[in-house]
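Please open the structure in your viewer and keep the selection tool at hand.

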Amino acid sequence: MTKASPSPLNAEDIIRAFESAQVGHAVTDSDGRLKYCSQVFKDQTQLKEARSKKEDPWFLQDHAPSPLQKSRQSLWRTFIGRNQVWQGVVRWHLSENNIRFFEGTSIPLPNGDVILVINDRTERIEAKRVLRNMDKIQQEVLVDLPLSVMLFTKNSEIVLTNDYILKHIGKSAHDVINTKAQDSLGKGLSALSYDVVKKVVKTGESIDSGIVNIKKGPLAGQHWLVFGRPLHSRKYNVNGVLVISIDRTDSVKLNEERVRFAEAVHQSQKIEALNDFAGSLAHELSNLLHPVAAYARLLAKTPDDQKRAEYASKINKGTMAAGDILKRTLTMARTDKNEAKHCNIYDITHETITTAKDLAPASLSYDFHSSQTEVIGFAQEGELRQVLLNLLNNAAEAMAYRGRIKIKIETNQPEPASVKLRNPQQTRFIKISVIDQGPGFSSKIKSRLFDPFFTTKPGDRGTGLGLPVVKGLVTGWGGAVSVDTPDGGGAAFHVWIPENMPS
């Protein structure tokens, strides 16, 4: 039994296949006038068959600029003259703002007619154009980035770089491409290149080296933030390293200035608080030293007086009392550079209150309560004295130096609910409360108490930095400061000190 041969495809089958594939086709005469157009061709070009020989050829019937149409006309004549198949891309202007790109084929027939086949490739061509533009933009961005970008082989050869860091050493990308980092960049930049590449290749992992202080070479004294990222092969072997270096010199110097400024502010606030006690200090020392001077004069006049031992004892007692006051005052005023550590909060608080009592007028008193005499917390001793001295001074001023200030230490306290902690993992605190009997303050003033330069004092007193500094110091240890107005009146400031070093 013989097999039936498949029936051959006819022209209609081929045309249907073209149409279903969205391939347009048409037939023109040798001058380019359309004799026949498929529906897809009509839809894509918005052209129709010519009704007379006076109509323009198809390539002159869009909205393309005149020079482009003339170029098409010249190309058509060349194509007809050579009698060869032409293939290329036609830029077709449906309107000024609607341009399509057709991949076209023109085939001359023996009778002088021409078959046109077009396929809309606008999306593909536009996508390629976007990719080309993106590559160009990426290259421009890479060159203009305010950071150093370098790509190294695993052997530390430079294969790609921008000029950002090279400008600092008088070189260009052309000078260093395909050279080893240690040879072309020098030892001074090893921390920004060679060292990072070695670590990434060795570990196979990304490296964030943090701020690197350059100590040698043309960048000596500068500070850079360095990142190293491995580039893996298909087998996940490191075959390249991307190193990104960011100049942080200005920010490091600015931070150092901020630290120095903060320290100056802290010291100025300490001095301001002590200045408020200066009058009381002078008065108290005068009360102690005036009798000392009187007894000394008596001894000088009558050295054999029977009471000379009593006079000497009183002179010694008064001198020692004055010395204790001065010693505690100097302790408050000294600049303490020590780090925060575990210390006895009770001892520091008791010492500060004793100093305040020494300097306070008779109309002002202090009531100190603590269930323990050894209360260990994490703080900086000098800063804690400054915090307490500031709060005690504010309380005294609020009460016009009359009445009783209450100071209370409580241990094993939960985290304060009303303030945000720098270290949320800290859970147990020592709470020191300074409670005055002053007029208190409104909720509006309360919300601004810790704002820098906000003060309720007259214009010639205070800078509005005392409480912000208090808050900054305590926050630095991992603690917090809060304030409330008790029902009985006055104000209560609470210092929350972590019992343990913040993790």
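Begin with helix α7, residues 194-203, and select V196, V197 and V200, its buried residues. Buried means under 20% relative accessible area, with a 1.4 Å probe and protein chains only; helices are DSSP runs of H or I, at least four residues long, and strands are runs of E, at least two, numbered from the N terminus. Just after α7, select G204, whose phi is positive, at about 75°.

This is a predicted model: local features need pLDDT of at least 70, side-chain atom pairs count only at pLDDT 80 or more, and totals for chains, interfaces and linings use all residues. Residues are numbered from 1 along each chain as its sequence is written, and side-chain values use heavy atoms, without hydrogens and water.

Next, select Y366. Leaving aside neighbours within four places in sequence, Y366 is in contact (heavy atoms within 4.5 Å) with I353, A356, K357, A360, L392, R404, I405 and I407.

Finally, select S148, M150, I165, L185, L189, L192, S193, V243 and S245, which line the second largest cavity. A cavity is a set of points, on a 1 Å grid over the protein atoms alone, where a 1.4 Å probe fits but cannot get out; lining residues have an atom within 4 Å of a point. Strands β6 (148-153) and β10 (238-247) each supply at least two residues of this lining.

Conventions. Buried means under 20% relative accessible area, exposed over 50%, partly exposed in between (1.4 Å probe, protein chains only). On a 1 Å grid over the protein atoms alone, a cavity is a set of points where a 1.4 Å probe fits but cannot get out, and a pocket is an open set with protein on both sides within 12 Å along at least five of seven lines; lining residues have an atom within 4 Å of a point.
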